[in-house]
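Me: I am new to this structure and would like to learn how to read its features one at a time. Could we begin with the terms and then turn to the case itself?

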Amino acid sequence: MQLRARRERSTPSTVHSGTLARALAVLGGDIERLRGRLKVPRPELDAWLQGTTRPPDGVFLLAVDIIVEAEALEQRRAHRVEITMGHERARCPNCDTTFFSSPVPEGDIKNVTRLSCLACGLSIARGDLMTYLSSDLAKRGAARMIALRRMLAFSQARTQGDTPKAEIPDPTKKVK
Ligand SMILES: [Zn+2]
C-alpha cells in the first residue's frame, strides 16, 4: 500500500478508515474478502483504508455490519459448554448440535440461564434443554424397545413357522 500525498475531494475520516480497518481485521486481514463483501473496486477500497478518501454511507454501513456480525458471533462463543445428564449430552432441538455458548462460566449456569446453540444460534434456557433432553431420552428408549420387541416377535414367528398369518406382533405386548 502506498500512501497518497494528495488529498482528494471528500474529507478523510479516521472514523471511516478505522471502521474499514476493523472490518478488514474481522475478516482475517483478507482484503479481497472485504472487497467482495463490500462489492467495491480495490483501488477505492485502498484509498478508504488509507483515509485519503471517504467511503459512501452504504459501504460504511456494510463495514459496520461485518463488525457487528463478528461481535455477535464472538459473544455466542463466550463460554463453550456442553450440557449433560448422566452420560447423555443435550442436543439443540433445532439442529442436533451438542455445543452451546453460555453468557456465564459453566459453573454459574442456572436453569434460567439462556444458552445459545453454537451452530444455529437458537436461544434456550438450560432448564428447557434438560426437559428436552429427558423427553428425548424417553422417546428414544421407547422406540428402541419397540424395535427390539418387533424384531424378536418377527424372528420367533419365522422359526416357529406356524404363527397364524393374521397375527401381527404387538409392540406393546411383552415378548417372552
Ligand atoms: Zn442449533
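Reply: Helices (H or I, at least four residues) and strands (E, at least two) are DSSP runs, numbered from the N terminus. This is a predicted model, in which local features need pLDDT of at least 70 and side-chain atom pairs count only at pLDDT 80 or more, while totals for chains, interfaces and linings use all residues. Residues are numbered from 1 along each chain as its sequence is written.

Me: Which residues of H1 are buried?

Reply: A residue counts as buried if 20 or more other C-beta atoms, placed from the backbone, lie within 10 Å of its own. In H1 these are His-16, Thr-19, Leu-20, Ala-23, Leu-24 and Val-26. Seen down the axis of H1, they fall within an arc of 160° (taken from the directions from the axis to the C-beta atoms), so they line one face of the helix.

Me: How many residues has the largest nonpolar core?

Reply: In soluble globular proteins, nonpolar side chains tend to be buried together. A nonpolar core is a set of buried Ala, Val, Leu, Ile, Met, Phe, Trp, Tyr and Cys residues joined through C-beta atoms within 7 Å. Here the largest has 12 residues, including Leu-34, Trp-48 and Ile-66, and its largest share, 4 residues, comes from H1.

Me: In what order do the strands of the open sheet lie?

Reply: Strands of a sheet pair through backbone hydrogen bonds, either parallel or antiparallel. Two strands pair here if DSSP finds at least two bridges between them. The 4 strands follow the order S1-S4-S5-S6, with antiparallel pairing, and the edge strands are S1 (79-81) and S6 (123-125).
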